[in-house]
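User: I would like to go through the charged side-chain contacts here. Could you take me through them?

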Amino acid sequence: MTTAQIEIYPDRPALVARSLELVQDRIQTAVAEHGRCAIALAGGSTPKPLYEGLAKLDLPWANLHIFWGDERYVPVDHPDSNAGMAKAAWLDHVAIPPTQIHIMPTHFEQPEAAASAHETLLKDVLGYQPTFDIVLLGMGDDGHTLSLFPHTEAVTVSDRLVTVGNKDGEPRITLTATVVNQSRCVMFLVSGSNKQPALKAVFSDDADDLEFPSRTIRPEGELWWLLDAAAGAAVKTL
Ligand code: 6PG
């Protein structure tokens, strides 16, 4: 892993503007270098304006493959769907071939079957050792990322690329840290003062990965932490 790049912006709009600049650049670089950009999207509220900004750009959409870092176990038209949010904010407004938008399946009776099916798709589309060009991540105030929640089994899964997360008994489909750590560029977008305690733990030397799962994200490629001032105050005092 290269050293983490930490940037703190005055507010969330400035954080989003920087993330738009970086994502646009990394998309163009990936397409120029190997003809395709595989990007995994985050859920939550922070990335939504980024997606809205991407919808206004003219990028090589035909060369993009869209994935998700995690998904709630609901249909895409459910208000909680991460895929539904990204489609409404961005993907339904640009010419990415529908066959290149790989929504995590949530129709299997057993979430485990959904995770297994999506892992097979990842390998079919990206190869046996899937490497994302870009992974966008958020972080919850409990230090979770993707659907790797504190003290859950999903945090420790290392022999699979996709597994079943668990949020208070609610199943989620999630990439594992293993596959995210194979990525070329991972960007955390974190806003809000409520994230300070978890950020302090993530950047500390001795906190527990199982308690703060965002610590498990140590990619082989670039790692960016884009923070607003409210969240970033935690890092300044380290
Ligand atoms: C989700 C995301 C989740 C989110 C964080 C931060 O499915 O909601 O996977 O990890 O990124 O909770 O959310 P905010 O961006 O809204 O702070």
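User: Which side chains does Asp25 or Arg26 meet in a salt bridge?
Analyst: In this predicted model, the side chains of Asp25 and Arg26 form a salt bridge with each other, at 2.5 Å from N to O.

User: And is Arg26 buried or exposed?
Analyst: Arg26 has a relative accessible area of 17%, and because buried means under 20%, Arg26 counts as buried. Asp25, by contrast, is partly exposed at 34%.

User: What does Lys87 form a salt bridge with?
Analyst: The partner of Lys87 is Asp92, and their closest N and O atoms lie 2.8 Å apart. Lys87 is partly exposed, with 23% relative accessibility. Asp92 is partly exposed as well, at 47%.

User: Moving on, how far apart are N and O in the bridge of Asp159 and Arg160?
Analyst: The distance is 3.3 Å for that salt bridge between the Asp159 and Arg160 side chains.

User: Why does Asp159 count as exposed?
Analyst: Its relative accessibility is 61%, and exposed means over 50%, so Asp159 falls in that class. Arg160 is partly exposed, with a relative accessible area of 34%.

User: Which residues are linked in a network of salt bridges?
Analyst: Glu7, Arg18 and Glu21 are linked in such a network.

User: How many salt bridges does the count come to?
Analyst: The count comes to 12 salt bridges.

User: Changing topic, what is the mean pLDDT of the protein chain?
Analyst: The mean is 97, and 98% of the residues reach 70 or more.

User: What ipTM does the predictor give the complex?
Analyst: The complex receives an ipTM of 0.94, together with a pTM of 0.97.

Definitions and conventions: Residues are numbered from 1 along each chain as its sequence is written. This is a predicted model: local features need pLDDT of at least 70, side-chain atom pairs count only at pLDDT 80 or more; totals for chains, interfaces and linings use all residues. Side-chain values use heavy atoms; hydrogens and water are left out. pLDDT is the predictor's confidence in each residue, from 0 to 100. A salt bridge is a side-chain nitrogen of Lys or Arg within 4 Å of a carboxyl oxygen of Asp or Glu. Buried means under 20% relative accessible area, exposed over 50%, partly exposed in between (1.4 Å probe, protein chains only).
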